[in-house]
Amino acid sequence: MEIAQDPEFCSMIDRLRDEIQDGGEADRKAFEELVATDDHEEFARVLTAPGQPLRSRELAAFRLGLAGDPRAFEALVLLLNHRDPERCVSAAYALARLGDPRTARAAAALATNELRVAYALFPVRLLTDLRAPESVPALVAVLERRLARDDPHWRVGLACVEGLGTLADTRARPALEAALPHPRLGPAAEAALARLPD
């Protein structure tokens with residue numbers, strides 16, 4: 001697929017153009033030049049040069065990630081844990097296509113970091129997409145911490161339940177059964193358990 005036809009790329013570019021609306025003419029021109037280029041070395045320079053705006057770093061990392069260039073890895077992992085959910089979505093999309101063997105370990109580390117649980121939703125979803133050896137153990141660990149009825153991060157728990165249903169690994173059975181009484185997680189846990197092999 002041509003990059004200009006990639007819906008996630010188009011969505012990201014629209015968002016970044018909205019961000020730069022109030023910027024100066026020089027900033028807008030530099031950004032549009034970066035959008036138009038296919039030069040991987042220019043993308044790599046943007047990632048390492050001091051003083052580059054976040055939008056340019058995000059664009060460069062995204063393009064390198066889709067191209068399978070490992071120089072994108074560190075920037076994409078940082079964006080995966082960003083406070084802006086839309087940046088997390090773009091980073092997860094690129095990481096899933098990067099093909100870097102470090103990605104699953106990084107996503108598992110982010111997902112299981114209880115100090116950053118508010119930002120764990122996208123690492124959890126990425127782990128499901130990756131279907132890596134790290135995926136099921138990490139999702140189980142996160143889910144087990146989200147089982148309190150008053151847990152404010154129940155959406156992260158729900159993503160774990162749905163991911164474990166998708167992965168259909170019997171190691172998830174105890175955690176999914178423990179989620180059954182939870183008022184928000186129970187129905188999804190029942191559906192996930194139905195997908196596990198006997």
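In these legends, a residue is called buried when under 20% of its relative accessible area is left, exposed when over 50%, and partly exposed in between (1.4 Å probe, protein chains only). Helices are DSSP runs (H or I, at least four residues), numbered from the N terminus. Everything here comes from a predicted model, where local features need pLDDT of at least 70, side-chain atom pairs count only at pLDDT 80 or more, and totals for chains, interfaces and linings use all residues. Residues are numbered from 1 along each chain as its sequence is written, and side-chain values use heavy atoms, with hydrogens and water left out.

**View 1. Helix α3 and its buried side.** Look at residues 40–48, which form α3: Phe43, Ala44, Val46 and Leu47 are buried here. They sit on the same side of α3 because they cover an arc of only 155° around the axis (the arc is that of the directions from the helix axis to the C-beta atoms). The partners that the buried residues of α3 pack against are α2 (25–36), α4 (54–66) and α5 (73–80).

**View 2. Helices α1 and α2 side by side.** Two packed helices are described by the angle between their axes and the distance between the axes. For α1 (residues 7–19) and α2, the axes come within 11 Å and cross at roughly 170°. That makes α1 and α2 roughly antiparallel to each other, a label used for angles over 145 degrees. Axes are lines fitted to C-alpha atoms, for helices over the stretch in contact, with angles running from 0 to 180 degrees between N-to-C directions. Where the two helices meet, Ile13, Leu16 and Arg17 belong to α1, while Phe31, Glu32 and Val35 belong to α2. Contact here means heavy atoms within 4.5 Å.

**View 3. Helix α10 under cover.** This helix takes in residues 154–167, and its 14 residues reach 20 Å from first C-alpha to last, close to the 20 Å expected at 1.5 Å a residue (the expected span is 1.5 Å times one less than the number of residues). Most of α10 is covered, with 11 of its 14 residues buried; among them are Trp154, Cys160 and Leu167. The cover over those buried residues includes α8 (121–130), α9 (135–145), α11 (173–179) and α12 (186–195). Just after α10 comes Ala168, with a positive phi of about 50°, although Ala168 is not a glycine. Ala168 belongs to the loop between α10 and α11 and is partly exposed, at a relative accessible area of 27%.

View 4. Start with Asn81, in the loop between α5 and α6 (85–98). Asn81 is buried, with a relative accessible area of 11%. Setting aside neighbours within four places in sequence, Asn81 is in contact with Cys88, Leu110, Arg116 and Tyr119. Next is Gly68, in the loop between α4 and α5, which counts as partly exposed at 34% relative accessibility. The C-alpha atoms of Gly68 and Pro123 are separated by 19 Å, and the two residues are 55 residues apart along the chain. Arg131 is exposed, at 51% relative accessibility, and has a positive phi near 50° without being a glycine.

Conventions:
Parallel < 35°, antiparallel > 145°, perpendicular 65-115°, else oblique.
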